[in-house]
Amino acid sequence: MSRKSIKEILKIASEMFPDAKCELNYRNLFELLIAVVLSAQTTDVRVNIVTKDLFERFPTPESLANAKLSEVEEVIKSIGLYKNKAKSIVGIAKALENKEVPKSFEELIKLPGVGRKTANVVLSEGFRIPRIAVDTHVERVSKRLKVVEPSATPLEVEEALMAGLDPKDYHQAHHTLIFFGRYHCLARNPNCAVCPLTDSCRYYEEHYQNKNE
Ligand code: SF4
């Protein structure tokens, strides 16, 4: 059983998903930030449905800052954790009234509901600053393909990916790994039967290889 470098993994994954990109709809940095906060534990498809309505009703930080919490909850109630998320996005809008979305990690994580992953997505996607955001897909794929040990924390995954790649490739690597995880190496029922990476996969080894021996 071999272990491929992250560069080798990405070469194969990017042939499978050459058009991997951000699937959240947004028209500006503020909308991107709000969409990413809403996307925790929810699909991008679902987020795009609610943000269409949300951004129509509250198109600026000022309008969202002055919205009633109950109104915002009503608009986003079809997504998970909507009560907490409504509080976070109104809090963000209040903090950003008459200000730009910050371009710094330290400033972003001071905003309500914004953690390391969200800040990294905004920096990478919004500002093209070389960062790698580790979401559930990136973490799962990195562990299955032995980029890190199964016990690695999201921060350790982030550090391992960054150490193995050129900064100019971080942005696309993030999207490629997400697409690979979202559409091929799913949490349940990954597509192992047609996977070109079985020879270096911990999951495959545990679920198929050992059983055939
Ligand atoms: S063999 Fe299966 S679990 Fe491993 S990377 Fe491929 S799809 Fe994912």
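1. Ground rules. Since the model is predicted, local features need pLDDT of at least 70 and side-chain atom pairs count only at pLDDT 80 or more, while totals for chains, interfaces and linings use all residues. Residues are numbered from 1 along each chain as its sequence is written, and side-chain values use heavy atoms, with hydrogens and water left out.

2. Overall fold. The chain has 12 helices and zero strands (DSSP runs numbered from the N terminus: H or I of at least four residues for helices, E of at least two for strands). Its radius of gyration is 19 Å, close to the 17 Å that the globule rule gives for 213 residues, so the chain is as compact as a globular protein of that length. That radius is taken over C-alpha atoms, and the rule is 2.2 Å times the number of residues to the power 0.38. The C-alpha trace spans about 65 × 30 × 30 Å along its principal axes.

3. Domains. Domain 1 is made of 6–17 + 134–212, and domain 2 of 29–127; such bounds come from an automatic or database domain assignment. Their centres, over C-alpha atoms, are 28 Å apart. Eight residues from domain 1 and seven residues from domain 2 make the contact (heavy atoms within 4.5 Å).

4. The interface. About 570 Å² is buried between the domains, with carbon and sulfur atoms giving 40%; this is the accessible area (1.4 Å probe) lost when the two parts are put together, summed over both. Two salt bridges are counted between domain 1 and domain 2, a salt bridge being a side-chain nitrogen of Lys or Arg within 4 Å of a carboxyl oxygen of Asp or Glu. On the side of domain 1 that touches domain 2, α10 (154–164) and α11 (170–183) are the elements giving two or more residues. Of these, α11 gives the most, with four residues.

5. Salt bridges to look at. Glu-158 pairs with Arg-116, their closest N and O atoms 2.8 Å apart. For the chain, the count comes to 16 salt bridges. Lys-7 and Asp-166 also meet in a salt bridge, at 3.6 Å from N to O. Lys-7 sits in helix α1 (residues 6–16) and Asp-166 in the loop between α10 and α11, so this pair ties together parts that are 159 residues apart in sequence.
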